[in-house]
Amino acid sequence: MNKCKRCRSLLLEHFYGEMDTEKQKFFAQHLSVCEKCQTRFEEIEAVLQFTGQRVRPEPEQEFWDTYEQQLARRIEKEEASRLGCESSIEKRKRQFSIIPKWAYQAAAAVALIIIGVFLGRALFSPRVPGVQHAMKQPDPATQLQPAATLVHRSQDYIERSKLILLALVNFDSSEEDPYALDLPYQKQISKELVKEAGLLKKELAESDQERLEDLISSLEMILLQIANLESENDLDSIELVRDSIDNRGILMEINLSDIRLSTKKGKKTETF
Amino acid sequence: MAQNDQVLIDRLCSGDQSAFHDLVGRYKKKVYYLAYDITGDHHEAEDISQEVFMKIYRSLKTFRRDAKMSSWLHQITVNASIDSIRRKSVRRAKSGSELDNVETEENLVASGAHNLDPVRSTESIQIQNRITQALQKISPRERVVFVMCHYNGLKLKETAEILDVTLGTVKSLLFRAIKKLRKEISPFLHEYNTENPHE
């Protein structure tokens with residue numbers, strides 16, 4: 001058995017004339033007594049002989065005669081495009097070199113002075129106790145800020161959700177590839193928005209912003225549906241989500257909310 | 001390493017521009033034929049062979065004196081050919097085309113790219129086509145090893161060195177290639193053996 005294995009490993013070396021005398025001797029001896037190896041040898045020999053008849057189609061002489069010329073042309077072309085690239089880089093370098101060196105040095109010095117002054121004031125200036133106390137006092141103007149930030153955050157939330165919904169609503173399954181929708185990305189964003197919705201709703205409820213709270217609840221439901229879509233090719237589920245968006249008239253609500261918020265802003269600016 | 005190769009490498013390393021011209025002259029056919037054997041396409045082989053020499057031209061400055069020119073050339077040719085096959089299969093997959101673009105004798109004649117011996121018999125053309133088609137049916141790696149050893153006169157060890165694999169891997173790829181080729185050409189093989197019993 002071991003001899004057969006060795007013989008098999010030498011088969012190819014035999015055909016390609018890469019065997020030394022000792023191996024050749026063993027090979028011939030084994031082949032004469034082992035019928036299995038002899039059959040294998042004949043099978044390989046037949047394939048190699050048959051495929052050995054292949055004649056490569058020889059290209060025309062003109063092909064070889066013009067080979068170097070064509071190669072030279074290609075090299076020249078490549079060199080030219082490389083030089084073109086280099087010259088544009090050089091141009092940019094030259095543009096920068098128009099600004100004198102001393103200008104950079106002066107700019108660096110000014111920057112160092114500014115940093116020094118800033119650090120000096122922050123670290124070494126004496127603190128006045130009264131000032132510190134005054135800083136801790138809440139500014140009446142900033143008291144309005146949490147409510148304003150909440151509205152702003154809600155607006156931002158609505159805007160981001162709107163983009164997701166529009167992507168689904170505008171997706172035409174009969175003409176577009178489902179992969180163009182990039183559903184995994186939409187699902188990921190929807191999940192993040194669903195997570196955000198809980199806290200936002202709570203804060204809106206506390207500050208009596210019922211309309212915004214309702215709108216965000218509706219959005220949360222839709223986004224949850226999107227986040228739970230199973231596969232990218234599940235066009236039926238995508239269709240269901242779109243129906244749900246239509247039935248709830250959610251895009252209309254978003255637009256109304258936008259109008260309300262913009263009119264509020266308008267009134268505020270008028271009072272100023 | 002052949003003496004001439006060493007002289008050529010010395011000339012290349014010393015910046016002799018005419019050395020590159022001599023290199024192309026010496027190796028253009030070897031490179032073209034290897035690329036043709038792997039891809040089975042005249043135009044691709046032409047493109048690949050020129051790409052190989054352009055790559056060498058670009059890296060002349062970094063060429064090492066101890067490098068073996070023919071191995072290096074074969075290595076670049078094999079890599080470029082495999083890349084070309086991959087690109088081709090991607091293109092084919094994208095276009096959904098089922099057409100086999102292998103250049104058989106018929107379309108070589110039609111394209112006028114090659115000379116065809118007018119006295120070649122129909123049977124012989126059939127055999128040529130059969131071999132060409134069978135070669136395209138085996139995997140690119142198997143084909144590379146087979147054509148390197150069988151048609152380009154490279155030794156098993158040399159092939160292993162060029163492909164950066166062990167001798168065992170080369171042998172096993174060759175065995176696999178032969179087994180698959182046998183399957184592809186078996187009907188012809190039987191006819192061929194009965195017609196040519198002494199060969």
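This is a predicted model: local features need pLDDT of at least 70, side-chain atom pairs count only at pLDDT 80 or more; totals for chains, interfaces and linings use all residues.
Me: How do you know that the span of helix α11 of chain A agrees with its number of residues?

Reply: Helix α11 of chain A covers residues 210-227, which is 18 residues, and at 1.5 Å a residue these should span 26 Å; because the end C-alpha atoms are 25 Å apart, the two values agree.

Me: What makes residues of α11(A) count as buried, and which are they?

Reply: A residue is buried if 20 or more other C-beta atoms lie within 10 Å of its own. In α11(A), the residues that are buried are A:L212, A:L215, A:I216, A:L219, A:E220, A:I222, A:L223 and A:I226. One of them, A:L223, also belongs to a nonpolar core of 18 residues, which includes A:I158, A:I164 and A:L204 as well.

Me: Why is the set that includes B:V31 and B:V52 called a nonpolar core?

Reply: The name applies because a nonpolar core is a set of buried residues of listed kinds, Ala, Val and Leu among them, joined through C-beta atoms within 7 Å. The largest such core has 53 residues, and those with the most contacts inside it are B:V31, B:A35, B:V52, B:V145, B:L174, B:A177 and B:L181. Helix α2 of chain B, residues 17-39, gives the largest share of this core, nine residues.

Me: Which residues is B:V31 in contact with, leaving aside its neighbours within four places in sequence?

Reply: With those neighbours left aside, B:V31 is in contact with B:S49, B:V52, B:L73 and B:T77.

Me: What makes up the side of chain B that touches chain A, by class?

Reply: The contact takes 32 residues from chain B and 28 residues from chain A. On the side of chain B, α9(B) supplies the largest share, nine residues, and by class this side has 18 nonpolar, eight polar and six charged residues.

Me: How do you know that α1(A) and α2(A) meet, and what is the hand of their crossing?

Reply: Two residues are in contact if their C-beta atoms lie within 7 Å, and A:K3, A:C7, A:L10 and A:H14 in α1(A) meet A:K23, A:F27, A:H30 and A:L31 in α2(A). The contact has four nonpolar, two polar and two charged residues by class. The axes of the two helices come within 10 Å and cross at roughly 120 degrees, and the crossing is left-handed.

Conventions:
Residues are numbered from 1 along each chain as its sequence is written. Chains are lettered from A and ligands numbered from 1 in the order in which they are written. Helices (H or I, at least four residues) and strands (E, at least two) are DSSP runs, numbered from the N terminus. The expected span of a helix is 1.5 Å times one less than its number of residues. A residue is buried if 20 or more other C-beta atoms lie within 10 Å of its own, exposed if 12 or fewer, and partly exposed in between; C-beta atoms are placed from the backbone. Ala, Val, Leu, Ile, Met, Phe, Trp, Tyr, Cys and Pro count as nonpolar, Asp, Glu, Lys and Arg as charged, and the others, Gly among them, as polar. Axes are lines fitted to C-alpha atoms, for helices over the stretch in contact, and angles run from 0 to 180 degrees between N-to-C directions. A crossing is left-handed if the near helix is turned anticlockwise from the far one by less than a right angle, and right-handed if clockwise.
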